[in-house]
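Hello,

Please open it first, then read the notes below.

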Amino acid sequence: MSTRIAFLKGHGTENDFVIVPDPENTIDLPPAAVAALCDRRAGIGGDGLLHVVRSAAHPEARSMAAEAEWFMDYRNGDGSVAEMCGNGVRVFARYLQRAGHVTEGDLAVATRGGVKTVHLAKDGDITVGMGKALLPGDEVTVSVGERSWPARNVNMGNPHAVAFVDDLAHAGDLYAPPPVSPASVYPDGVNVEFVVDRGPRHVALRVHERGSGETRSCGTGACAVAVATARRDGADPAVTGTPVTYTVDVPGGTLVITERPDGEIEMTGPAVIVAEGEIDADWLQAVPQG
């Protein structure tokens, strides 16, 4: 390992990430090191980390190398591995564009949730094909303090529990994961979204992301919320043959989510690179691994 490791910092609707370019997958990033980098006081700070690796160089992505040159090896802020991150994919694509690996137009990105299609528009927004939502029939309940709500179980390659509330303040401080029952529905934890209506096909959310706490935005969460809201509103593009689009306000901005009749979901929003620099590799190596 060299004495310096390049990094960048970026965000998508204020869901922020440490970006570590590592095309040949030579940098060891154990969970404790990722958590240290994402620490907002002792590290660089971020909701998660985007490890940028060529698919052919990563054992989890080699099978996708023919479809997508680049693999988004995504980690949560606590160092745990996650299947997907919608805002992260947009920031990942913005980095590839900045680094000269891609230009405006279409791009395929390998993730643990499969290969995602990305479109970098001339106006700066990035659209990500998020795949199809799975709607397991499990009945779940989300609780905060003495309040509880029925929640929709939605899987976007990662698990979500979507609860409709009267006031986003009812979500509490979201420092700790809101209890979800039965817990057996989500053996690996769950992202919990609290949703209020803002107008016709317009909602707002707060979210607790497993492994990260409350974040300013969650792309897969916005998609899960749009699907759950559409079903609540009696809209199912697979039945009507007509796409349905929701505007989803997150604390860090706005995302536009469209579900098509074939079930594919598209998310459009901004992605910004704000800084770049170098990590002291000696500091990173000295992080206790626990």
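Of the 290 residues in the chain, 52% count as buried. Buried means under 20% relative accessible area, exposed means over 50%, and partly exposed lies in between (1.4 Å probe, protein chains only).

A word on the source. This is a predicted model: local features need pLDDT of at least 70, side-chain atom pairs count only at pLDDT 80 or more, and totals for chains, interfaces and linings use all residues. Residues are numbered from 1 along each chain as its sequence is written, and side-chain values use heavy atoms, without hydrogens and water.

Now the fold. The chain has five helices and 18 strands. These are DSSP runs (helices H or I, at least four residues; strands E, at least two), numbered from the N terminus. The C-alpha atoms fill a box of roughly 55 × 40 × 30 Å along the principal axes.

Next, contacts, meaning heavy atoms within 4.5 Å. Take those in the chain with a separation of 6 or more: residues 24 or more positions apart account for 62% of them.

Is H208 buried or exposed? H208 counts as buried, because its relative accessibility is 3%. Leaving aside residues up to four places away in sequence, H208 touches L174, Y175, A176, P177, P178, V190, N191, V192, G213 and E214. E266 is 58 residues from H208 along the chain, and their C-alpha atoms are separated by 22 Å.

Best wishes
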